[in-house]
Amino acid sequence: MTSVLTNLFDGVAYGMLLFVLACGLAVTLGLMNFVNLAHGAFAMAGGYVCAVLVNQYGWPFFAGLPLAFIAPAVIGAVLERLLYRHLYTRSHLDQVLFSVGLVFMSVAAIDYIMGSSRIFINLPAALQGQFDVFGVGIGRYRLMLIVICGLLTAALQLVLARTRFGSRLRAAVDDPRAASGLGINVPQVFALTFAFGCGLAGLGGALSAEILGLDPYFPLKFMIYFLIVVTVGGSSSIIGPFLASLLLGIADVAGKYYVPKMGPFVIYTVMIVILIWRPHGLFGRAAR
Amino acid sequence: MFARFWLLSRVALAAATAGTLVVAPAWADDAVKIGLILPMTGGQASTGKQIDNAIKLYMKQHGDTVAGKKIEIILKDDGALPDKTKTAAQELIVNDKVSFIAGFGVTPAALAAAPLATQAKIPEVVMAAGTSIITEKSPYIVRTSFTLPQSSTIIGDWAVKNGIKKVASLTSDYAPGNDALASFKEHFTAGGGQIVEEVKVPLANPDFAPFLQRMKDAKPDAMFVFVPAGQGGNFMKQYAERGLDKAGIKVIGPGDVTDDDLLNDMGDAVLGTVTAHIYSAAHPSEMNKEFVAAYKKDFGNRPGFMAVNGYDGIHLIYEALKKTGGKTDGDGLIEAMKGMKWESPRGPISIDPETRDIVQNVYVRKVEKKDGELYNVEFETFEAVKDPGKAKK
Amino acid sequence: MNAPSDVRFHAGRHARWHAAEIVFWLAALSCAFVFPSRYLIMTDILRLALFALSLDLILGYAGIVSLGHAAFFGVGAYSAGLLALHGIINEPVIALIVAGLAAAVLGFCTSFLLIRGADLTRLMVTLGIALLLEALAERFSDITGGTDGLQGIEMQPILGLFAFDMFGKTGFFYALIVLFLLFLLARRIVHSPFGLSLRAIRNNPLRAAAIGVPVNRRLIAIYTVAAFYAGVAGALFTQTTALASLDVFAFERSADLMLVLVIGGTGYLYGGLIGAVLFRMLQEIFSTITPQYWQFWIGLVLIVVVLVGRARLHRWVLFVPNLLITRIAGGKAAVAVPESEGP
């Protein structure tokens, strides 16, 4: 019984992590309709920034995390202004080609700068190990993941649903022309959103180093997971990807624990079934 | 439409021509060329890089001329994909006229090149792949790495002797992992041990947590672990996170899990891990100290066992050339390599004249802290271990 | 104007062989004699070209995007490998066809999953199928050899006459002939009324349905055909390399394929062929110069291609020839830039 709860806990933590990693993609792909397969590259950038600061310059882990958000957000903003915005109107195939090109470049560049070995971020002792609550093993680090990611999700939902920026974004996405007619600076809204999504990915990258490991091939290895989260979740709100992440996380952990040899089937089968049942995802909008 | 067609075909033709020109540069006549095929990109890239580095280091130390011939290395990336390996090997043999093919990060890659080595009568020096059967696939294959049964049988015996009764195993699901598990199991159960849980994890595996939870729930005395070089860090992190060290479940296994190049980042949970392996950066010999220092100076980090495999591989090639006086016919070179003995940074090693596989000491080591750094400290030596996978036959 | 015979007439007019095409195939054949030492890599290009041709059939002509085309490639590869390994069918050509049919069966079955859904859904469903098959192949490692792949495949001579040699000469001609025959078939298909109806579906499925094209049945048909092609490409892979390992299903294979086709251009059959040559050659050049970081330069090329735009690139490259033609012949630019065709 306790191991069931421990697994559930691990699954939730894993899912939360996937959500932070993928929710930026949910915005660019779902809302802005841009296929950005290079999303993982921003996550990797955040991870490496944090790793360098913490391991080499001796920053505390929690001071490194904000930088893991800011650095990719800035990179994202610059790239958006320079490159991405020219491609919003292009075909999906061009977007795929472009973003895969970006992934290749980032992989080789990180390999060149940081080497190809897997690296880790030094954690404070307070985050290491596990404690027991009524016999259920709770990993400290995973608990922190759940807290941080939970807060982020709540904040995101509030920003999108309740603030002026959120309504501007939704307006800009629904009908860019009408929105700019109403005086909304659509390119600015897009750029900000894109940068914010990249920042979140970077934060996710830094948080995931401990669990998934960080190496130059991160963007390629996890591209599929991000895409699954976004397509299964649908794009009408961030609740969809959030639930999809949790589902994926729990299914993955449970699958590996109870049927170790069948692990991957569980995820892919669930995904295919959901997509056939609801082609626009669990919470998708039919019209697009 | 056909204008575009014309254009693209012209571009394609130009690219093809350029490709041929680049790939077939002119070489000096009295050079000996070595085709080095390694995974330089993809998940196995760190293996490839260590071997490449070690070879560069060796050539820096020993010069690039042997028996009057200049040695040239032609490096090709196969991304650990066997079909790429095969293409690369064929190109090297046919176009570059190499006298050796070497490297081979994974077992399928080494096997894919085997028929080419046989047909072209060119020595294939395997510097990484560790499945037992490789050297049986061609009379031209020589190995300077190791086989997993070499270290796994010894850790199996050690476990029995040191009062470990129940073991849960976690191994990567591919040939080296299965080799390791099978030979460990044989020796461990023969000594009266019991395997209480057996989990094979997929090779590309992001999160070990659920597998480790299974290990924990099985409550063994120790867990036998084989994950390929590079994944050890991840594994150890999560082992500590799950509190398996506190639960008193020790990690034992072949030394891949505590590979030297990652060991220092694994944290203190790894302390006390006992592994059997062929090389430790802490091996107490003058030669090894020099090797480690030189490697660190040139490449910035500690060499792992893959680096030593490459270092010994190129040494074997050099020595064989010396023995043949620079002659490069494959049969002569293989004959020269058979029975070759030398002192390596890992200790004394030799090439078994029967199987062309490596014979070497296997050390039982424990992870300890020395001068603030983590090291595999050797405390027991099994001398001149042959590959048990073949000794059986 | 709307008589079926009229459609056939228009289809036939486009189907006539252009001189450039003949030159292309002659050039492909002459490669065998110009670069006699590079058969393996040329065979690799031919396999990739056939594979890309298969994707072009569904992407360029029917507008179905797929990130999981390696599923069929893999099924073909393992079918051919298992047939040869267990000596079930020893004759490579028959095995090739059987392997292709096995992939076609899978294509037929999975095509029903693709009828619904937009681009993104299709991308993910196809990707999911390929990943699922990869997981299956890994799970049933006693049949497939798991991560180590099928070992010990030995190919019998083609038609009992031509043995596969170490340097890939037989393999090259075999692949070239297979590619050519299947290309002829593809050419017939896309220039038939059936092919025209596919293009109508690609341009606007609703309108196609309104004028009486059975959209779903057509999509299923072409998807099955494309799966057959991919299966044959996979079988060629196994037969010419004597290898089959898990990476035949890999996502990277599908993704590379997409790049190849987009580089070459979709919807005119030669795109995949030319893209395969370009892509492999770029890879070869860069990885020879820098075995460690070639991906960086490939990435750069991809980005430049997209940002500059294929149409503009063509214009730049054609600038000098056009200038010469206008100066010398005094006429209008003879070499025009084709309009871009998207899926």
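**Close-up views of a predicted model**

**View 1. Strand 14 of chain B pairs with strand 15 of chain B.** Strand 14 and strand 15 (residues 373-385) of chain B run antiparallel and are joined by 10 bridges. Strands pair if DSSP finds at least two bridges between them. Strands (E, at least two residues) and helices (H or I, at least four) are DSSP runs, numbered from the N terminus. B:Q360 stands opposite B:V385 in strand 15. The hairpin leaves 2 residues between the strands, and B:D371 in the turn has a positive phi of about 50°.

This is a predicted model: local features need pLDDT of at least 70, side-chain atom pairs count only at pLDDT 80 or more, and totals for chains, interfaces and linings use all residues. Residues are numbered from 1 along each chain as its sequence is written, while chains are lettered from A and ligands numbered from 1 in the order in which they are written.

**View 2. Strand 14 of chain B also pairs with strand 13 of chain B.** Strand 13 (residues 347-351) is antiparallel to strand 14, over 3 bridges. B:I349 has B:Q360 as its bridge partner. Between these strands lie 6 residues of a hairpin, where B:R356 takes a positive phi near 60°.

**View 3. Strand 11 of chain B meets strand 14 of chain B.** Strand 11 (residues 274-277) pairs with strand 14 (residues 358-370) in the antiparallel sense over 4 bridges. B:V274 stands opposite B:K366.

**View 4. Chain A touches chain B.** Here 28 residues of chain A are in contact (C-beta atoms, placed from the backbone, within 7 Å) with 27 residues of chain B. Helix 1 of chain A gives the most to its side, with 5 residues.

Technical notes: Contact = placed C-beta atoms within 7 Å.
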